[in-house]
Amino acid sequence: MTLRDDLDATLLPKAGSPPVEWVIAEAPVAYPDAVAEMEARVAAIAAGTASERIWLVEHPPLYTAGTSAHDEDLIAPDRFPVFQTGRGGQYTYHGPGQRVAYVMLDLNRRRQDLRLFVATLEQWIIRTLDGFNVRGERRDDRVGVWVRRPDKGPLTEDKIAAIGIRVRRWVTFHGISLNVEPALDHFDGIVPCGVHGHGVTSLADLGRIVTMPEVDAVMRREFEALFGATERVDGA
């Protein structure tokens, strides 16, 4: 069994660690503002002056280019703003109806294992999807979470969630994005995550019409099972 197949992996903190701040932004957040906020928070966590934080946001429509992005995968460069970013991965889309979770955790307090961290993020998404009766799956050759689409063909599958992270002094930032009800045609301006031959989907596209607060509640429950206790803090 490989690590990515291990559904029992957790990254619980050391005994006595304070709860992770759970923050939900009440309004769309501009991408440069989100990056600046993460940079400041990560520095404070690394310095021991701030708590770990999960920050749930939505962004205006935009594309981001990770450190492995290829120019040819940006199909429509004038459609939405494009931001270069320090996270791993390639091109991705963010926009309304997509829940972005910025994950600022101190692996010094948990376990300094990036493969386990990514696998646990995948597990967090899979468990969240299971709360809405959607089966999400890992793929050994593709980071993220995928859904089989037999309605489109026997071998067809679509991506429902992306993962892109960065780590500094063993403190993580950037994170995951889960498609709740975004405009799926907005993904047409890029090759999402550099993966050809597969599409994208969302909870709404799969017939699960749910609100963002409902998604947030399930995400929080499943996060706590894998990463430990949280404490709600008022959002920006």
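Hi everyone. The span we expect of a helix is 1.5 Å times one less than its number of residues. Keep that in mind as we look at this model, which is a predicted one.

Let's start with helix α3, residues 212-227. With 16 residues at 1.5 Å a residue, α3 should span 22 Å, and its end C-alpha atoms lie 21 Å apart, so the two values agree.

Now, which residues of α3 are buried? They are M212, V215, D216, V218, M219, E222, F223, L226 and F227. Because these residues cover an arc of only 165° around the axis, they sit on the same side of α3.

And what do the buried residues of α3 pack against? Several strands take part: β1 (20-24), β2 (53-57), β6 (98-104), β10 (171-179) and β12 (230-233). Helix α2 (114-130) is a partner of that buried set as well. If you follow the chain just past α3, you reach G228, which takes a positive phi of about 110°.

Let's move on to a sheet. This one is open, with 3 strands in the order β4-β3-β5, and its pairing is mixed. β4 (82-84) and β5 (91-94) stand at the edges with a single partner strand each, so one side of each has no neighbour in the sheet. On average, neighbouring strands here are turned by 25° against each other, direction ignored.

As a quick reminder, strands of a sheet pair through backbone hydrogen bonds, either parallel or antiparallel. Strand β3 (residues 62-65) and β5 run antiparallel, joined by 4 bridges. If you'd like a pair to find on screen, take Y63, whose bridge partner in β5 is Y93.

Notes
Residues are numbered from 1 along each chain as its sequence is written. This is a predicted model: local features need pLDDT of at least 70, side-chain atom pairs count only at pLDDT 80 or more; totals for chains, interfaces and linings use all residues. Side-chain values use heavy atoms; hydrogens and water are left out. Helices (H or I, at least four residues) and strands (E, at least two) are DSSP runs, numbered from the N terminus. Buried means under 20% relative accessible area, exposed over 50%, partly exposed in between (1.4 Å probe, protein chains only). The arc is that of the directions from the helix axis to the C-beta atoms. Contact means heavy atoms within 4.5 Å. Two strands pair if DSSP finds at least two bridges between them. Axes are lines fitted to C-alpha atoms, for helices over the stretch in contact, and angles run from 0 to 180 degrees between N-to-C directions.
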